[in-house]
Amino acid sequence: KMKVRDDKYRAAREAAFTTTAGRDYLRELSIDELPGLTTPETTAVMLALAFEMGMPIHFVAPAFGFQKNIPYPDNDELRAMVTRSWNVCEKFGVSIGFHSGSGKSAENYRLVGEITGSNLEIKTSGRYTYEMGRALHASTNAADQALWRDWYAFTLDLAVAGCFATDETECKMAREFVSETLSTAGMSPEVYADPNSCRAALEALEPSPDHVFWFEYNFLYVLAANGRAEKSALGDHSPAGYRQRARFYSISDEGRLRFAQNVAKYVLFLAETTGLATTDRCQTAIAELEAYQNFADFHSGIAD
């Protein structure tokens with residue numbers, strides 16, 4: 001199945017482009033969702049099979065036990081795991097992709113950059129809605145603030161519903177997110193007597209994009225039909241879902257600038273800590289980012 005898809009993709013590029021640069025593309029083998037942590041042996045077998053099928057891999061993403069937006073707690077353990085994988089990847093000329101890779105510590109990133117010689121990829125998609133939330137939360141624009149409040153309320157509703165879901169896994173995960181949020185805020189996490197108690201505890205918090213439950217549920221809002229916190233409304237690809245998505249395209253110029261600055265600063269942080277760019281170069285870019293006073297200037301700076 002993978003080979004058939006790859007052949008179709010290659011044929012499409014050959015039809016669309018006449019140059020080698022246009023026809024070339026990168027392959028990533030994502031094996032991080034196989035059960036358990038990925039052993040070096042599994043990585044080696046998968047890379048060898050892909051090579052034998054005429055599909056040399058450029059990036060492979062093993063499972064290292066990463067959780068979204070949470071630093072890996074044991075750097076010695078991380079060093080051992082990544083080193084074992086890198087010993088395999090290096091022999092195949094393959095770089096490592098770190099999925100659920102955003103939100104790790106500077107020490108985590110320095111370590112994986114050092115081991116791989118900066119031959120790595122950090123998957124950051126989970127970070128971008130978070131940075132949008134930070135941008136809207138900090139914006140002085142009334143419409144941005146309204147979107148932020150609606151967005152936060154949506155995640156709170158989902159969190160409370162999840163804490164009392166009949167599905168055991170859903171309930172367990174939701175309670176972990178809520179307990180972590182309350183504990184970090186210095187509040188008791190024992191709030192599961194009934195939904196009203198749970199809701200009251202969360203509503204007592206000052207809304208923040210740094211609350212764990214907000215981070216875990218926020219992406220679901222983007223295609224939630226009419227912004228409803230109901231399972232039937234999530235991932236809606238009808239006009240109702242895309243009207244909801246359109247709210248994010250209509251944020252203010254202040255919100256756009258803050259979002260762009262947040263994302264760019266995060267990418268620079270990754271580039272510096274993994275060794276992809278020098279500290280001086282990254283700090284110069286950050287100073288330039290912070291000097292922009294409006295989104296039009298930021299956009300012009302990219303064009304220049």
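The model is predicted: local features need pLDDT of at least 70, side-chain atom pairs count only at pLDDT 80 or more, and totals for chains, interfaces and linings use all residues. Residues are numbered from 1 along each chain as its sequence is written, and side-chain values use heavy atoms, leaving out hydrogens and water.

**Helix α5**

Helices (H or I, at least four residues) and strands (E, at least two) are DSSP runs, numbered from the N terminus. Buried means under 20% relative accessible area, with a 1.4 Å probe and protein chains only. Among the buried residues are Asn 108, Tyr 109 and Val 112. The buried residues of α5 pack against α4 (75–92), β3 (95–98), β4 (120–122) and α12 (253–273); contact means heavy atoms within 4.5 Å. Gly 117 follows α5 and has a positive phi, near 65°.

**The cavity**

A cavity is a set of points on a 1 Å grid over the protein atoms alone, where a 1.4 Å probe fits but cannot get out; lining residues have an atom within 4 Å of a point. Grid points are joined across faces, edges and corners, and a volume is the space filled by probe spheres set on the points. The structure holds 1 cavity of 30 Å³ or more. The largest cavity has about 40 Å³ of space. Its lining includes Phe 66, Leu 78, Lys 104 and Ile 122. α5 gives the most to this lining, with 3 residues.

**Nonpolar cores**

A nonpolar core is a set of buried Ala, Val, Leu, Ile, Met, Phe, Trp, Tyr and Cys residues joined through side-chain atoms within 4.5 Å. In the largest core, of 32 residues, Val 178, Cys 198, Leu 202 and Phe 213 touch the most other members. α7 supplies the largest share of this core, 10 residues. Apart from it lies another core, of 26 residues, including Ala 50 and Phe 64.

Thr 181 lies in helix α8 (residues 168–184). Thr 181 is buried, at 3% relative accessible area. Its side chain reaches the backbone nitrogen of Phe 213 at 3.2 Å. The table lists contacts, not counting residues up to four places away in sequence.

| Residue | Residues touched |
|---|---|
| Thr 181 | Leu 205, His 211, Val 212, Phe 213 |
| Leu 202 | Tyr 152, Leu 156, Ala 159, Val 160, Val 178, Leu 182, Phe 213 |

Conventions. Buried means under 20% relative accessible area, exposed over 50%, partly exposed in between (1.4 Å probe, protein chains only). A polar contact is a pair of N or O atoms within 3.5 Å; within protein, one must be able to donate a hydrogen and the other to accept it, and residues adjacent in sequence count only if both atoms are side-chain atoms. On a 1 Å grid over the protein atoms alone, a cavity is a set of points where a 1.4 Å probe fits but cannot get out, and a pocket is an open set with protein on both sides within 12 Å along at least five of seven lines; lining residues have an atom within 4 Å of a point.
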